[in-house]
Amino acid sequence: MDKVIVIGMGCITALGHNVPQFWEGLVAGRTGISPISGFNREFLRNPCAGEIRLSPRMITYARVERIRSRLALFAALAIEEALRQSRLEDEHLRTRKVGLVVGVSLGMSLAKGEIAARSENADASEETFDDLSGFAGELADRFGLRGEACTVSTACASGTNAVGIARDMIVLEEYDAVVCGGADTLDRMKCFGHSALNTLTPTSIQPFSAERDGTIIGEGAGMLVLEPARNLNGRRALAVCAGSGFSCDANHITAPDPAGAGAIHAMREALSDAGLEPADIDYINLHGSGTPHNDAVECRAIAEVFGCAVSGIPVSSIKAAIGHAMGAAGACEAVATVLSIVHQKVPPTANTRAKDPAFPVHLICAGPIDWKIEHALSNSFGFGGCNGTVIFSKRI
Amino acid sequence: MVLTGTGLVSAAGTAKKDFFKYLRRSSTCQEQRNGSKWLEAGQLLKHLEITEPKLKSARYMDPVSKNAIVAVGRAMTDAGLDEFQISADPYEYGIVLGTTRGACVTREAVYGSLASRRNKMMSGTLFSHCGYNIAGAMAAIAYGIKGPNITVASREDLGLCILKRARQILMRGRAHTVFAGFTECDGLSKRGSPLGEIAFVLCLESKARAVARAAVALAEVRVQDGERDDSRSVTGGVYGLQARDPAQTQSAEALSVSLPGLHALSDRYRSLILTAFLSHEPRLKDRFPAVAVASGAGSNGALSQLLYPEEQHAAV
């Protein structure tokens, strides 16, 4: 079986509008969490979020490209950056079998135009929609992709599952390339919803710390271009997309299975898919949402899968840096994981000064560390018990 | 992959034969049902007087979730499966559901809850049930299905997209059985469509699994990509395949399959419905060893193909 490689990446988050800015911010331990400016913060449990400030260039891009929603804008910007890095020419996109798989959680489904003025960050001219059917297809049309265009919605695992599905498309369906990732937007309704569920921190997000008391919402998009290794033709691959795992807790609509059985299954399936043993993994990019229950379950699952090796594997979460970008979270984390391999460096967990002493993991929190990373794993766990894991490797 | 069962809930009821009869006759389901008024979104199960314990497993559920639970349950039964079999190996069963608007009824209710609380807070219960993947998640919880659980959306080729995701899961060995289908709750009055609220689920299994449990395989289902401008890719076009090898579509004979009731359904699901319908069509089985269903004129053209077994298990 031909290896599936990552040949291009794009990313837009509260930390920056492209991949270099994103990585620079992660390594510096910066956080893009700041007071929300796009909508009314009154009555929110936390007035801060990982909000993206639109630059003049982005606004011009949206006008020129006739993009009328934040969701499509973020996705399009990330796809454009990823395709540029992949050096896939327009002719390749027209003549080859290139697909698109985009993960979205709630997207702009709750940002209704008619109530924009009082409770959303969608202004009257923005396209807000709750019909997901055209989202991927319109992006595919925009970039001239002629293969299948599919939207995946598995809550906060959407981005990770999209990468897994894209990899399977290349392995099984002889795709020449698949653009995959996730996009999502911030709005007041989501902040209200997470407030109501007590998943939103009233203070600051501190993944895996003993003081953790909730997550913080973010937005953005992350995209990867996957290709079979046979198509490289002298271009430089960033990493191998080595394996993926899927599972469902089938336990509770918002809470994870306390035993972490679904997470364990997803990680083991990804390891098996990649032909790796737990001891082969050199870095874990955590789901690390910062909620007390979620972090505890993820830690339990990691300890179960990696056994006594767990204390030697560096782990970190980027959610304190960019917020929980929901449908985009897994894709942005996949981008961060690939960058960790490229730079042989583990980014720190911003905000967290020390890990919860009850957790047996090797949490990187004071600053980045140089680390020899051959294989890295990224986890995502979503509402509805949807779990996803992807593994990236260095060696082509 | 082989098709071993179909489950559904629609205004035509939950029985396959009633639904297929409706597709052939095109009379509205409401006329069949006491000539009552068009149903409001979310009233289907009440209208059909379906009450099952599974529907009470949560304090609140969106109609797409309830309908999906009923349809998955019917598909399980039709395929000869039960919860005990699933609980023995829960990760070997997966779910792929298509939806376009998902839990739109709950999303409307979320706004109501916010307004009723003077825009200061909303109901956490409602918020947790408004995600697009809620139907797949609730069906998984109802039956203990722990394998891949994917919710997808796309344009005209959504029916085929669902089949492709199911095939991926089966062929990559992520599960041996996938409940694949769709659930929508547009409301019957909104579009004037009697099938606006519907959940439709196929039980698809790997050949090996079907053989191992001696399941009745109605058809082997294959999917094949086409080109966007493939002139043959008119959604819902049906072709009889003369060749024993269904990949050889050159000898395809365009068939006139008259199903006026299909017009009550969104185009994007026609290929999936036809896959189920044709697997039960004895006249076609007599004439052709295989048939193909075209899908997705507006996206990427593609075909789903059904290879009929000559006799029980012959195809597997």
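1. In this predicted model, the axes of α7(A) and helix α12 (residues 329-343) of chain A come within 5 Å and cross at roughly 65°; axes here are lines fitted to C-alpha atoms, for helices over the stretch in contact, with angles running from 0 to 180 degrees between N-to-C directions. Helices (H or I, at least four residues) and strands (E, at least two) are DSSP runs, numbered from the N terminus. Residues are numbered from 1 along each chain as its sequence is written, while chains are lettered from A and ligands numbered from 1 in the order in which they are written. Local features need pLDDT of at least 70 and side-chain atom pairs count only at pLDDT 80 or more, whereas totals for chains, interfaces and linings use all residues.

2. On the α7(A) side of this crossing, Ser158(A), Gly159(A), Thr160(A), Ala162(A) and Val163(A) meet residues of α12(A), among them Ala329(A) and Cys332(A), contact meaning that C-beta atoms, placed from the backbone, lie within 7 Å. The residues of this contact divide into six nonpolar, four polar and no charged, where Ala, Val, Leu, Ile, Met, Phe, Trp, Tyr, Cys and Pro count as nonpolar, Asp, Glu, Lys and Arg as charged, and the others, Gly among them, as polar.

3. Chain A is divided into domain 1 (4-231) and domain 2 (242-393), with bounds that come from an automatic or database domain assignment. The contact takes 62 residues from domain 1 of chain A and 59 residues from domain 2 of chain A, and α7(A) gives the most to the domain 1 side, with eight residues.

4. Between the chains, 49 residues of chain A are in contact with 50 residues of chain B. Elements giving two or more residues to the chain A side include α7 (158-173), β5 (149-152) and α9 (261-274) of chain A, and by class that side has 21 nonpolar, 20 polar and eight charged residues.

5. Two bridges join β5(A) to strand β3 (residues 149-153) of chain B, and these strands run antiparallel; strands pair if DSSP finds at least two bridges between them. Val152(A) stands opposite Val152(B) in β3(B).

6. Helix α9(A) is mostly covered, with 12 of its 14 residues buried, that is, having 20 or more other C-beta atoms, placed from the backbone, within 10 Å of their own. Its buried residues, including Ile264(A) and Leu271(A), pack against β8, α10 (292-306), β14 (375-381) and β15 (386-393) of chain A. Just after α9(A), Gly275(A) takes a positive phi of about 70°.

Notes:
Two residues are in contact if their C-beta atoms, placed from the backbone, lie within 7 Å.
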